[in-house]
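This briefing covers the fold of one protein chain and the surroundings of one residue in it.

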Amino acid sequence: MSGARVFRLIQPVDDIEIAVAFYAAVLDGPGERISVNRHYFTCGDVVLACVEAPLEHREPRPQRDPRIVYLAVEDVEETFRRVRDAGPRWIDDAIETQFWGERSFYADDPFGNPLCFVQEDTLYLGGPVG
């Protein structure tokens with residue numbers, strides 16, 4: 001499928017108000033309420049959609065979800081502070097430089113969804129490492 005691009009990612013949350021408070025603090029903007037259980041945050045060309053499903057439609061989550069949302073940020077140090085202050089379920093102890101060159105840290109949102117924040121000017125987009 002030539003020319004396809006990702007334009008929206010759904011982030012399942014258990015409480016839309018907690019999600020909005022967390023992501024608004026982390027992403028440094030209020031986002032937009034689309035419906036009672038859906039809130040959008042624009043991240044470049046992609047929308048991160050926090051969605052609180054009705055209880056009867058929620059699926060159990062694995063202990064450690066392998067799906068990670070990677071977010072490029074201009075200032076990884078400032079973002080680390082904002083994420084830590086926003087109350088993640090878990091966060092790395094420090095920002096690290098990965099062997100492929102990215103400066104990043106990992107965290108889980110309040111619902112256990114894994115996130116990775118990467119310094120914009122260190123993004124690895126493929127090709128030889130090192």
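Among contacts in the protein chain between residues at least 6 apart in sequence, what percentage join residues at least 24 apart? The share is 52%, where a contact means heavy atoms within 4.5 Å. The model is predicted: local features need pLDDT of at least 70, side-chain atom pairs count only at pLDDT 80 or more, and totals for chains, interfaces and linings use all residues. Residues are numbered from 1 along each chain as its sequence is written, and side-chain values use heavy atoms, with hydrogens and water left out.

**Chain**
- The protein chain has two helices and nine strands, taken as DSSP runs (helices: H or I, at least four residues; strands: E, at least two) and numbered from the N terminus.
- Their order from the N terminus is β-α-β-β-β-β-α-β-β-β-β.
- Of the 130 residues in the chain, 36% are buried, that is, under 20% relative accessible area with a 1.4 Å probe, protein chains only.
- The chain exposes about 8100 Å², of which carbon and sulfur atoms supply 53%; the areas come from the Shrake-Rupley method with a 1.4 Å probe.

**D109**
- D109 sits in the loop between β8 (103-108) and β9 (114-119).
- D109 counts as buried because its relative accessibility is 0%.
- Leaving aside residues up to four places away in sequence, D109 touches Q11, F22, Y23, R89 and L115.

**Polar atoms of D109**
- A polar atom of the D109 side chain lies 2.8 Å from the backbone nitrogen of F111.
- The side chains of D109 and N113 are joined by a polar contact of 2.9 Å; such a contact is a pair of N or O atoms within 3.5 Å, and within protein one must be able to donate a hydrogen and the other to accept it, with residues adjacent in sequence counting only if both atoms are side-chain atoms.

How values were computed:
Buried < 20%, exposed > 50% of the residue type's maximum accessible area, 1.4 Å probe, protein only.
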